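Let's take a walk through a protein chain together, from its overall layout down to a few side chains. Have the sequence and the 3D view ready.

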Amino acid sequence: YVLQAGQMICHCPMEWHNIRANGSIAPNVMIVSFRCVSPGMKTFISKQFQVDREMRNLLSAILAESRRAFSSALDDPYNNTLVRAKGAPFGCEQMIDIYLAELLILSYRKLTDSTIHSHITGSEPLLDEIILYLQDNVGNKLTQNAIAEHFHISPSRIKNLFAQYLHVGVMHFYINMKIAQAKEYLRQSDLNVSQIAEKLGYDNVYYFCNQFKARENMSPLEYRRSVKAIGDKALLQQTLSRD
């Protein structure tokens, strides 16, 4: 199977699978292993499909709760042990289960009746426009008031939109978008941390590093080294398997 950006595929239990990239663009891949005994899971066999915005939000929520629930390195594909984080917020693992169940239900609807799905899960058009605007301005410096002024609405309207549909503040979402772009720069470019901070609209590299570490639990340089280490480890294993 060849998956493009924004696509998802479900593997059957005990089905052998592997991941390969084209060698030029580092992919952003999220893998979730789970157990579900519902007969409806048969619908997913050999199916790949496009993930809509609501489903992407659920995947982001699963990842966020997982980072709160577990202290294990979630970005290490060779780690096979989950260690519960000390002091994790109440109900993290249950929230993961809830988000995953909702994701599977929406995916099932998408595969079985796309017309019904579009009416049930249609997102707020204004929110989509705001998110696209944030993406286009990820390298600039925006404030909530400036965003509201651009769309000719009140700051409280934006606050309510993000709270209702994404359960986060608009600026928190915007910063997360910047950090995601920073991770891509760290993986795929030779830009140093100061250059990356500048490209993302930060006047202070230390402030950028603090925001990065607050979300990733490591500094930008530590993230770059960890990505390189994972790549080196994968390359070594491939070489050993060929030998």
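To read the layout, you need to know that helices and strands here are DSSP runs, numbered from the N terminus. Keep in mind, too, that this is a predicted model. Of its 243 residues, 31% count as buried. The accessible surface comes to about 16100 Å², and 53% of that belongs to carbon and sulfur atoms.

Now for the charged side chains. There are five salt bridges in the count. Take Glu216 to begin with: its side chain meets that of Arg67 in a salt bridge, 3.4 Å from N to O. Glu216 sits in helix α9 and Arg67 in helix α1 (residues 53-69), so this pair ties together parts that are 149 residues apart in sequence. Glu216 counts as buried at 15% relative accessibility, while Arg67 is partly exposed at 35%.

Glu216 also has a salt bridge with Lys183, again 3.4 Å from N to O. Here helix α9 is linked to helix α7, with the two residues 33 apart. Lys183 counts as buried, at 16% relative accessibility. Through shared partners, Arg67, Lys183 and Glu216 join into one network.

Beyond its close sequence neighbours within four places, Arg215 is in contact with residues including Arg67, His172 and Ile179.

Finally, look for the rings. The structure holds six aromatic pairs. In one of them, the ring centres of Phe162 and Phe173 are 5.5 Å apart and the planes are at 65°, so the pair is edge-to-face. Phe162 lies in helix α6 (residues 155-165) and Phe173 in helix α7 (residues 170-188), so the pair ties together parts 11 residues apart in sequence. Phe162 is buried, with a relative accessible area of 0%, and Phe173 counts as buried at 18%. Elsewhere, Tyr202, Tyr207, Phe208, Phe212 and Tyr223 form one aromatic cluster.

Notes:
Residues numbered from 1 in each chain as written. Predicted model: local features only at pLDDT ≥ 70, side-chain atom pairs only at ≥ 80, totals over all residues. Heavy atoms only, no water. Contact = heavy atoms within 4.5 Å. Phe/Tyr/Trp six-rings, centres within 6.5 Å; stacked < 30°, edge-to-face > 60°. Helix = DSSP H or I, 4+ residues; strand = E, 2+ residues; numbered from the N terminus. Buried < 20%, exposed > 50% of the residue type's maximum accessible area, 1.4 Å probe, protein only. Areas by Shrake-Rupley, 256 points an atom, 1.4 Å probe, with all protein chains shown as cover. Salt bridge = Lys/Arg side-chain N within 4 Å of Asp/Glu carboxyl O.
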